[in-house]
Amino acid sequence: MKILHLLSNWKWTERSELVIDLAMAQAGLGQQVWLVCGQAPPDSEPGTDVLFHARGKGMENVAAWPEMTKHTRFTLVSRGSGRIRKMIDRVKPDVIHCHMRNAHLLAGLGRGKNSEALLIRSAYDPERLGGDLRSQWCYRHFTRGLIVVTEKVRQSAISRSFAPERVIVIQPGIDLERFSPSRDLSGRTDFGPLQGCFVAGVVSRIRPERRLDIPLGALQRLRDAYPGLRLLLVGRGRFGAVERVIEKPAAGLGIQDKVVLAGYCGGDDLVAAFRHMQVLLYPMPGTDRTCRTVREAMAAGVPVIAADMGYLPELVRDGRNGYLVQQSAEGFAAALKGLMDSPDTLEHFSRQALASARERFEWKSLAEQTLKFYERVGATP
């Protein structure tokens, strides 16, 4: 099968990585796969673009176009759809798999009426299907099959006149080998004097709206009863954000000596950070509504205490591989105390988190599901 993936973004984000990993898994199953992504602007920071990382992962048939922008620029629509039309004529794909709205629009216009390629769209919002006029038009006129991440969105699509057999739920995956607890990471980052401590981790952009006051408040509530408790914070923010959002509030709560700031961790440094954690605290989803950080923690065998909201109940099975709690310092503190008081429960949650990740997030299995969906949609009149 020939598959052309279109990603209207140049930045290496959580969604970009999903697309590359799916395409690579499909290629690993013997499919012919191409990818067109956005082209990084000249002033972008080196190593932050999709093309760089796709090639670093070993993807061969990948190209970056300036027309493949995240937001539609009507001055580029005609040129972009024309380039796609020429690529379709050259490659003759069986499937055109679109990721993000502008890719969907350009693919629909570029495909034309003569190509027999199936036009598939992946929608990554776990709460809703895009309701703007452009998205509705593309779904109605340009979409043969739709891949979503929750049953809630699937039902929403069906209510909008999608045939049930043309919509499927496939959860996003994770590179399980990369995060495996058994992989050798000798020589990686040392995060300070954490030996013998109970480490609760947070992986997040440092911004006020990410509710990092919640893990800080939970730490303050447990500080006296559990002197060995530490908070390992992985992430960065804009200028001054660390001081405003973390350092000053922590000093005001009297816990500044119990907060370890790891900064941004990429590659195996992120994996090493998870190795230092007994539990991940996740107060709210960020811009990635599929909560990649939670899936990474589970793949590392780290149980999660998360707010009971959004996509999180799809990932965290309350009382089985972690806890779902109220979005408050009190709720997180109570769940954290329970795990510190019960090492057996913590160990059980860790095993269950890892088992769940291996069962649900393995890319080969998810790629196989996607290929079967292509075939099913192609066989549907």
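Over the ring of which residue does the charged end of arginine 83 sit? In this predicted model, that ring belongs to tryptophan 65, and the charged end of arginine 83 lies 4.3 Å from its centre.

**Close-up 1. Charged ends of arginine over aromatic rings.** The view of arginine 83 shows its charged end over the ring of tryptophan 65, at 4.3 Å from the ring centre.

**Close-up 2. The aromatic pair of tyrosine 139 and phenylalanine 162.** Four aromatic pairs are found when the whole structure is searched. In the pair formed by tyrosine 139 and phenylalanine 162, the ring centres are 6.1 Å apart and the planes stand at 75 degrees, so the arrangement is edge-to-face. The two residues come from distant parts of the chain, 23 residues apart, with tyrosine 139 in helix 5 (residues 133-142) and phenylalanine 162 in the loop that runs between helix 6 (151-159) and strand 7 (167-169). Tyrosine 139 counts as buried, at 7% relative accessibility, and phenylalanine 162 is likewise buried, with a relative accessible area of 9%.

**Close-up 3. The aromatic pair of tyrosine 323 and phenylalanine 349.** Here the ring centres lie 5.1 Å apart and the planes are at 75 degrees, so this pair, too, is edge-to-face. Because tyrosine 323 belongs to strand 13 (residues 322-325) and phenylalanine 349 to helix 14 (residues 343-360), the pair ties together parts that are 26 residues apart in sequence. Tyrosine 323 counts as partly exposed, at 23% relative accessibility, whereas phenylalanine 349, at 2%, counts as buried.

**Close-up 4. Helix 1 and the glycine that follows.** After helix 1 comes glycine 30, which has a positive phi, near 95 degrees.

**Close-up 5. Aspartate 49, buried without a salt bridge.** Aspartate 49 is placed in the loop between strand 2 (32-38) and helix 2 (50-56). Although aspartate 49 is buried, it has no salt bridge, and the nearest side chain of opposite charge, that of arginine 55, is 7.4 Å away. The side chain of aspartate 49 does, however, reach the backbone nitrogen of phenylalanine 52, at 3.0 Å.

Conventions
Residues are numbered from 1 along each chain as its sequence is written. This is a predicted model: local features need pLDDT of at least 70, side-chain atom pairs count only at pLDDT 80 or more; totals for chains, interfaces and linings use all residues. Side-chain values use heavy atoms; hydrogens and water are left out. Rings of Phe, Tyr and Trp (its six-membered ring) pair if their centres lie within 6.5 Å; planes under 30 degrees apart count as stacked, over 60 as edge-to-face and the rest as tilted. Helices (H or I, at least four residues) and strands (E, at least two) are DSSP runs, numbered from the N terminus. Buried means under 20% relative accessible area, exposed over 50%, partly exposed in between (1.4 Å probe, protein chains only). A charge sits over a ring if NZ of Lys or CZ of Arg is within 6 Å of the ring centre and within 35 degrees of the ring normal. Lys and Arg count as positive and Asp and Glu as negative; His and the chain ends are not counted. A salt bridge is a side-chain nitrogen of Lys or Arg within 4 Å of a carboxyl oxygen of Asp or Glu. A polar contact is a pair of N or O atoms within 3.5 Å; within protein, one must be able to donate a hydrogen and the other to accept it, and residues adjacent in sequence count only if both atoms are side-chain atoms.
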